[in-house]
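This report describes selected features of the model shown below.

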Amino acid sequence: MKICPNCQYSNREGILFCEDCGQSLIGTVSTLTRELKKGDTGQLNLKSSGWGTARFNSKSSIIIHIRDVAEPIVMQPEAQLVMGRTDVNQMPDLDLTQYGAQEKGVSRVHAAIRRGDDTLTLVDLGSVNGTHLNGQRLIPNQPRILRDGDEVRLGKLVLHVYFK
Amino acid sequence: MSNAQDLYAVLGVQPQGSTEDIRAAYRALARRLHPDVNSNPGAATQFRDIAAAYATLNDSMERQKYDMARKRETAGSYFTLRVTPSQRVLPVLGEPQVLYLLVELLPERSRSIQHAETHLNLTLVLDQSTSMKGPRLERVKVAAHQIIEQLSDKDIFSVVTFSDHAEVILKAAPMTDRPGAKSRITMMQAFGGTEIHQGLSKGLIENQRHANPGYVNHIILLTDGRTFMDEQQTLELADKAAKDGIGISAMGIGDEWNDTFLDQLAGRTGGTSEYINSPMAVVRFLNERVRTLGQSYAERVTVSIAPDADIKVESAFRLMPSAQPVNAEVDPIQLGALQIGGTTSILFQLQIGPMETPGFRSLLRVDVTGDILREQKIGYKVIADTSVEVSETATMEEPPLAIMDALSKLTLYRIQEKAEQALARGDVREATRHLENLATRLLSSGQAELANAALAEAKRVANTNLLSSEGQKALKYGTRLLLEANTDATDATNTTEPKASPGEGTQVIK
């Protein structure tokens, strides 16, 4: 299944434009990818609701899968988790340099995952090449709720975020 | 004149193949397409051909006779078939998935170039009901006069006028007496109601008189009203015309006519249905249609799709030579003409059932048949068998540009369709939502005028629970025309299409 990022309609695998609203689904993560990568029971709810959960409590941790990188990164985020590249003056919480961040257009201070009341938000910190959440570009400094299984794109670097 | 079906190609074996090869090929096809295992209508159509080919080739006497006849045939290719799926590698998946398929037909270049004049057997069926009175009928007369001038002495021409009564005002005959023909047209007068069946049935008889496989046999129906009580009968006439190799194109003037009906009428014969939004455009539309008919390389082109048993054809839309919705539940599908130097193409949406095992699998068999006009090659057939890979590690690849381009525009047409369907169910909120959404999408693809029309209709629906008939047609034919503007990638300059944009003259409420 592919959940339309615009209207949340559940489209069958292979559909290229949302059957309800016409939104292009190219680049949209399918729940299929989630099923393969995540083996826990949470996926049953996920399948019926179509969306991953937004719930993220104090005991939860996040699993970040970077595309084409075998080992996922597991973290328990503080109030703010800044993602970017290391530089003489800067040291992001999550340094993406070793994953080809420079070539893929990741800024030094690119985006952050912030903790809220039982939720996480993703915010673009004014990056040059932009931050995309499930295919939609974020407006800088406007936080958006992050859900289990979401696709995040920093410049050209694609990562998937899962909750545990 | 000859039957151009190659029995070896039907079974997919070499002409020098052994009896064993032939049996093996037949069995493999039977396992996929036999009516006992496959309920798709296309499988039934194609299996008949396969069984007949096998019956001949499996009998050594019959096969010898056939081989002798086959040697006398001039071998050669007249058109080629290109079948492109939206993805070549599909994921192993426990649920149904969708695949798009672009089927394109191209004339053999060398033959297409040396192709000489095409002859028409053309019948005009013209509405002269009371509502045609004034500029509409006058412009129709001008258009008919111009067509008479365009036709050559070898073309066959006939004219039927109808209201609640139909009359043959020009009997089907070679175009020799031009002044006489013109004066008959000039005498047309508007009176009475609209009964399309009467007009079309007389028109069909005229066209049948000279219907000839070496000709483009075509009826152009022009009307401005709803026909009374005889739509079903009229559609049956269209099926009859298709069977006799006669195409029907339908043109609706103004806002009163039934678009669903005219779409079906044209779609069943491989013709085209068009919306003419002002009397001034009548001449241009009619001339353009006749000019297009004269460009024909192959006529009576049909496509049959025989998918494997776990696959369903969900929808089909002809993209070229003109954008036209077609009924995917019938097989074969009438595609109309293949033009000189042109492409005929159709986009299918398929649903494939759950797939558990990785590996290569067959998808479907595409069979395209057509009559090559100048070569007098009747029923020339090309077959393609398409397969894909199923893999556990399939990653989404970028679909072919031609499919993405066509789909992005077809999507707009489908949203418009959904709004209409919602309204037909009485779901005003849903209809409004679709129309507003259509407006947004149109605007972001640079179609400001159509976007405004969509927005105006959204407001109208929210307030009155109804679409305006002109707005509804403007959106339907306007979104359809978007598909024609750029589908021919080789002709990128052709964005200013010769047809009127039905968006013109649409009232915009702000």
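Two residues are in contact if their C-beta atoms, placed from the backbone, lie within 7 Å. In chain A, 41% of the contacts with a separation of 6 or more are between residues 24 or more positions apart. The model is predicted: local features need pLDDT of at least 70, side-chain atom pairs count only at pLDDT 80 or more, and totals for chains, interfaces and linings use all residues. Residues are numbered from 1 along each chain as its sequence is written, while chains are lettered from A and ligands numbered from 1 in the order in which they are written.

**Chain A**

Chain A holds two helices and 13 strands; these are DSSP runs numbered from the N terminus, helices being H or I with at least four residues and strands E with at least two. Of its 164 residues, 40% are buried, that is, 20 or more other C-beta atoms lie within 10 Å of their own, with C-beta atoms placed from the backbone.

Five strands of chain A form an open sheet in the order 6-5-7-8-11, with mixed pairing; two strands pair if DSSP finds at least two bridges between them. Strand 6 (94-95) and strand 11 (144-146) of chain A are the edge strands, each pairing on one side only. Strand 7 (residues 109-115) and strand 8 (residues 120-124) of chain A are joined by five bridges in the antiparallel sense, and Ile113(A) stands opposite Leu122(A) in strand 8 of chain A.

**Contact between the chains**

On chain B, 19 residues are in contact with nine residues of chain A. Strand 4 (97-107), helix 12 (401-424) and helix 13 (428-444) of chain B each give two or more residues to this side, and helix 12 of chain B has the largest share, six residues.

**Helices 2 and 3 of chain B**

The axes of helix 2 (residues 19-33) and helix 3 (residues 41-57) of chain B come within 10 Å and cross at roughly 160 degrees. Axes are lines fitted to C-alpha atoms over the stretch in contact, and angles run from 0 to 180 degrees between N-to-C directions. Helix 2 and helix 3 of chain B are therefore roughly antiparallel (angles over 145 degrees). The residues that make the contact include Tyr26(B) of helix 2 and Phe47(B) of helix 3 of chain B.

The table gives both contacts by class; Ala, Val, Leu, Ile, Met, Phe, Trp, Tyr, Cys and Pro count as nonpolar, Asp, Glu, Lys and Arg as charged, and the others, Gly among them, as polar.

| Side of chain B that touches chain A | eleven residues | six residues | two residues |

Methods: Parallel < 35°, antiparallel > 145°, perpendicular 65-115°, else oblique. Buried ≥ 20, exposed ≤ 12 C-beta atoms within 10 Å, placed from the backbone.
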